[in-house]
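Please look over the chain shown below, then work through the questions and answers that follow it.

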Amino acid sequence: MTITRMRKRAAVGLGCLLMLAGATGCSAGSADETGPGSAAEKRSPDATTEATAGVPQSDRDGHGTDDEQHLRTLHDDFWSALVELENGDQPDPALFDGVATDGVAEEEVSRVRPARASGHTREGAPEVGEATIEMDGDEALIQACVDPEGWLLFRHGEAVDLDTHGASPSVVAAERTTDGWLISATGLYQRATITC
């Protein structure tokens with residue numbers, strides 16, 4: 001492992017550690033997620049989703065041909081929910097409805113609550129690269145390079161220097177449920193096979 005890569009991992013780890021200690025965590029997407037085409041709108045029920053509720057995505061798409069695209073969209077929606085969670089005023093697990101398991105939603109909310117209590121907020125959004133998908137039956141590993149440079153951290157209105165060193169791998173797992181694909185685990189850095 002190169003010194004540069006070790007520094008990148010240390011920077012990401014420090015950001016996560018700051019979050020756990022009352023700062024902010026490692027997440028991404030877009031801060032404005034309430035307009036047309038937003039993740040919230042995509043998750044809103046409509047006639048199509050009501051007609052297919054409870055049917056696995058692979059059955060809806062015809063023999064799983066669109067699973068990878070669905071997983072890419074799910075990954076984008078997950079990052080949008082993370083950014084909205086960290087940039088918003090009140091941590092709300094409902095942001096992850098239809099995107100992540102209840103366990104993941106609660107973990108993310110529990111991670112952000114101490115940051116809010118200690119006066120930390122975020123603005124902007126990180127840059128999330130194109131997702132790499134590895135599927136194994138009803139499970140998938142989703143990886144992408146994430147650059148937190150544009151996602152600013154503040155404490156009581158003052159900017160906090162996170163000393164970021166560019167993009168680093170973000171790895172999450174997804175599982176197919178009776179409700180379709182959901183993000184089922186996060187922070188799987190040790191399973192990264194991509195280089196940023």
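**Burial, salt bridges and a disulfide**

Of the 196 residues of the chain, 40% count as buried, where buried means under 20% relative accessible area, exposed over 50%, and partly exposed in between (1.4 Å probe, protein chains only). This is a predicted model, in which local features need pLDDT of at least 70 and side-chain atom pairs count only at pLDDT 80 or more, while totals for chains, interfaces and linings use all residues. Residues are numbered from 1 along each chain as its sequence is written, and side-chain values use heavy atoms, with hydrogens and water left out.

Q: Which pattern does the chain follow when read along the sequence?
A: Helices (H or I, at least four residues) and strands (E, at least two) are taken as DSSP runs, numbered from the N terminus. On that basis the chain has 6 helices and 8 strands. Read along the sequence, they give the pattern α-α-α-α-α-α-β-β-β-β-β-β-β-β.

Q: How many residues apart in sequence are the parts that Arg-176 and Asp-67 tie together?
A: The side chains of Arg-176 and Asp-67 meet in a salt bridge at 3.0 Å, N to O, the term standing for a side-chain nitrogen of Lys or Arg within 4 Å of a carboxyl oxygen of Asp or Glu. Both of these residues, Arg-176 and Asp-67, are buried. Because Arg-176 lies in strand β7 (residues 168–177) and Asp-67 in helix α5 (residues 67–87), the parts that the pair ties together are separated in sequence by 109 residues.

Q: Which residues are linked with Glu-86 in a network of salt bridges?
A: Glu-86 and Arg-122 meet through their side chains in a salt bridge of 3.3 Å, N to O, and this pair links helix α5 with strand β1 (residues 120–124). In helix α6, Arg-111 and Glu-108 lie 3 residues apart, about one turn of the helix, and their side chains form a salt bridge of 2.4 Å, N to O. The residues linked with Glu-86 in the network are Glu-108, Arg-111 and Arg-122.

Q: Why is the disulfide of Cys-145 and Cys-196 left-handed?
A: A disulfide, defined as a pair of cysteine sulfur atoms within 2.5 Å, joins Cys-145 to Cys-196 with an S to S distance of 2.0 Å. The pair links distant parts of the chain, with Cys-145 in strand β4 (residues 139–147) and Cys-196 in the segment after β8 (180–185). The disulfide is left-handed because the torsion about the S-S bond is about -95°.
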